[in-house]
Amino acid sequence: MKKVLFLLTIAISTNVFSQSNKFSDFLITKSKDTIFGNFNFVESKFYDFDKKSYVIDSTIVKLYYQGLIYESLTVSPKSFNSLENDSLTRLNGKDYLPFLNPVLIDKTHLFFNKIDKISRQDYALSINGDTIKGVIRSRNDVAKFKFVNKKLKIKPKFIKYFRKDGFDYFYKKKRKVTPFDKGKAYLKLIYNGNVKLYEYKRINNQPYVFGDVEKDYYLEISENIYLIPRYRFTKFLIDKFPDKKEVIAGLSRLNLGVNNIFQTIRFIDNEQ
């Protein structure tokens, strides 16, 4: 019996590995090599399935991350803010460029996603059903938003949901990440399938890391929202997807964690 289970585990894992390229991140180098694996947003490094790491630098031409293609470009703040480039979204999630010395910025390799200009246009839907167009930016708190050049703030008593940089944000009741966190917030929808995956940015108020921006993720299943834990990750997935237990066991061999949550949920959701 143990031998049968062992062979079954190998078969499942092999199947996961054979299909993993379809649901993984990848990068393309200047030498035109395509490398499949996972991009770690926190470390700004790319790891292939053999755990070899790649620094995202000038040797990388393109990076596929969370369903979007990011290309290496060099632009100045003036060029980035021009009308010609109003469809660019930066890899690190910032919706603007700092006013750096042009000499220094030329030496910085920045990665952008070219969202088409129609999808890029920000807007909000009011509680009354009115569509409000305008540029939306983060306020001092990364989890709060406002319109540029408008007095209207993005608040749930006025706004049902809004779109920013091509992504929809919905106001949801959620579990607090820390005691200082809030129980409700606008969450960024990054995957919409049989289940929904949301990204939530917050400022870390813990000692020694105060002011750092953290990313957390929430999974919505049948209108129930769960905070995805950073630890006991595999157990969480098995609890929420009991019919995909074998698939998740195979995925666990890839050492995926919460930083790879997008491709992990997409793989599980699409696996028959």
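Biologist: In which sense do strand E9 and E10 pair, and over how many bridges?

Modeller: Strands of a sheet pair through backbone hydrogen bonds, either parallel or antiparallel. In this predicted model, strand E9 (residues 123-126) pairs with E10 in the antiparallel sense over three bridges. Strands (E, at least two residues) are DSSP runs, numbered from the N terminus, and two strands pair if DSSP finds at least two bridges between them. Leucine 125 stands opposite threonine 131 in E10.

Biologist: What is the order of the strands in the open sheet of eight?

Modeller: The order is E10-E9-E13-E14-E15-E16-E17-E18, with antiparallel pairing. Strand E10 (131-133) and strand E18 (224-227) each have a single partner strand and stand at the edges, so one side of each lacks a neighbour in the sheet. From one strand to the next, the twist averages 30°; axes are lines fitted to C-alpha atoms, for helices over the stretch in contact, and angles run from 0 to 180 degrees between N-to-C directions.

Biologist: Which strands does helix H7 touch?

Modeller: Helices are DSSP runs as well (H or I, at least four residues), and contact means heavy atoms within 4.5 Å. Helix H7 (residues 261-270) packs on the sheet and touches strand E15 (184-192), strand E16 (196-203) and strand E17 (213-221). The direction of H7 makes about 55° with that of E15.

Biologist: What conventions apply to the model?

Modeller: Residues are numbered from 1 along each chain as its sequence is written, and side-chain values use heavy atoms, leaving out hydrogens and water. Local features need pLDDT of at least 70, side-chain atom pairs count only at pLDDT 80 or more, and totals for chains, interfaces and linings use all residues.

Biologist: How many helices and strands does the chain have?

Modeller: The chain has seven helices and 18 strands.
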